[in-house]
Amino acid sequence: MNKVNLDLENYRKLLKQYMITQDEKALYQAEQFTKLSMQHNISPEEIVNVHIQALKEIYPDLPKEIDDSMSFLLEAMISYGLAYQEFQSLREKQLELKSEISVAANMQQTLLSTVKPSIRGLDIGATSIPANQMSGDYYHFVKDNEDTLGIAIADVIGKGVPAALSMSMIKYSMDSFPLSQRNPSAILENLNRVVERNVDPSMFITMFYGLYDPKTSVFQYSSAGHEPGFYYNAKMDKFDEIKAKGLVLGVSNDTVYQQYELEINKGDMIILLTDGVTECRLADRFIERDEVLDVIKKFTHLPAQEAVEQVYKYFERLQDFQLRDDFTLIIIKKDV
Amino acid sequence: MKMNLEVEVVENGSTTNVLLAGEIDAYTVPKLKEALLPLTERQNQLIEVNLEQVNYMDSTGLGVFISALKSTKQYKSELKLIRLQDKVKRLFEITGLDSIITIDSTVRGGNV
């Protein structure tokens with residue numbers, strides 16, 4: 001391939017070649033010429049100008065009408081040139097924004113980071129993958145001195161940066177509640193008031209909060225409109241939906257949340273997720289909840305962390321590696 | 001393949017019927033919001049939204065209905081959702097919104 005030179009001489013040569021031979025190669029080179037021109041911020045009217053000059057050199061006796069019409073075209077192209085310049089500057093701005101968002105996304109990860117605790121007798125696996133740069137999903141583990149484990153999983157409805165920012169608010173208000181108010185219903189009631197006061201009306205948050213006490217093996221939980229998880233009863237070898245009724249956070253300031261209990265025995269499992277898992281979209285349909293459970297079942301024999309990662313990989317493949325929604329999955333197995 | 005949402009508004013005295021058809025998701029939600037919210041700003045108006053032809057809705061759709069509900073409280077109008085398909089209804093049930101939004105899946109008739 002000949003190197004394309006960005007000058008009048010070269011353009012004249014190409015034009016001439018094409019006028020005489022109608023050779024496709026010249027057309028291709030003209031395309032290269034344009035691409036190179038764009039890289040050098042050469043405006044469309046400049047190209048028209050080069051064309052006029054080249055034309056006059058090849059045809060010194062160019063009829064005046066053609067000459068005039070070319071000048072007319074030149075004028076007409078000027079606003080295209082301006083629009084193109086604007087496009088360029090927007091493109092630069094977009095790159096800047098993108099890098100700012102990635103700074104924000106890193107910041108979010110730092111703010112929301114949670115340590116997967118080790119609790120006697122529990123095998124815990126957790127994964128959360130954002131569909132875009134910033135996530136609207138969130139999970140958090142709290143372990144106190146008594147080895148009690150608090151688990152929060154939440155999903156902000158209303159995507160993008162504002163949603164992600166409001167998650168940080170949730171985390172910090174949760175951290176500020178006194179230990180005495182750590183039961184699930186109280187936590188949701190408090191958070192609900194925080195969200196109701198501080199978040200845009202079309203934005204709301206679904207959240208599930210569970211509290212496991214290894215001394216009693218009791219798992220207490222409440223849900224604020226969150227996608228139901230699953231409970232595996234090892235003795236009966238049966239998966240059930242963890243049913244818990246409750247209004248999403250941020251809709252009404254006096255919402256009361258009911259608290260439920262489950263006794264967790266050896267071999268039992270608790271599976272928590274967000275609707276990014278259950279609303280996984282295939283080419284022409286949505287995956288059903290039963291299918292989701294079937295996929296999860298395939299991997300629950302693995303250690304918990306490996307299991308959540310395998311389930312994620314499975315759904316990622318299923319969706320052609322294009323997540324439509326943030327994906328969060330937690331599996332807790334009681335192995336003693 | 002991207003599905004669309006069709007919104008048809010029929011004024012009927014003190015009742016406004018809103019017929020929706022298609023999918024309600026992040027892409028179509030602005031259209032729904034634009035059509036629905038102004039209707040809730042008229043006092044004593046009953047806005048009856050027919051969701052029979054809506055075969056998919058995600059959580060961003062719920063956001064619009066919550067905004068609409070809040071708006072009806074402010075302007076003293078009323079919002080009612082009718083003829084929901086099971087999957088859409090489930091979303092309102094999980095999120096507990098069925099306890100604060102009037103939902104009637106059994107209604108038959110009306111000028112569809």
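Student: What does the accessible surface of chain B come to, and what share of it belongs to carbon and sulfur atoms?
Tutor: This is a predicted model, in which local features need pLDDT of at least 70 and side-chain atom pairs count only at pLDDT 80 or more, whereas totals for chains, interfaces and linings use all residues. Residues are numbered from 1 along each chain as its sequence is written, chains are lettered from A and ligands numbered from 1 in the order in which they are written, and side-chain values use heavy atoms, with hydrogens and water left out. With areas taken by the Shrake-Rupley method (1.4 Å probe; for residues, only the protein chains shown count as cover), the accessible surface of chain B is about 5500 Å², and the carbon and sulfur share is 47%.

Student: In what order do the elements of chain B run from the N terminus on?
Tutor: Elements here are DSSP runs numbered from the N terminus, helices being H or I of at least four residues and strands E of at least two. Chain B holds three helices and five strands, and from the N terminus on their order is β-β-α-β-α-β-α-β.

Student: What radius of gyration does chain B have, given what a compact globule would have?
Tutor: The radius is taken over C-alpha atoms, and the globule rule is 2.2 Å times the number of residues to the power 0.38. Along the principal axes, the C-alpha atoms of chain B fill a box of roughly 40 × 30 × 30 Å. For 112 residues a compact globule would have a radius near 13 Å, and this agrees with the value for chain B, which is 13 Å.

Student: Why is chain A described as more spread out than a compact globule, and what is its radius of gyration?
Tutor: Chain A has nine helices and ten strands. For its 336 residues the globule rule gives 20 Å, and the radius of chain A is well over that, so the chain is more spread out than a compact globule, with a radius of gyration of 31 Å. The spans of its C-alpha trace along the principal axes are about 100 × 40 × 35 Å, and the radius asked for is 31 Å.

Student: What percentage of the residues of chain A count as buried?
Tutor: Buried means under 20% relative accessible area, exposed over 50%, and partly exposed in between, with a 1.4 Å probe and protein chains only. In chain B, which has 112 residues, 50% count as buried, while for the 336 residues of chain A the figure is 49%.
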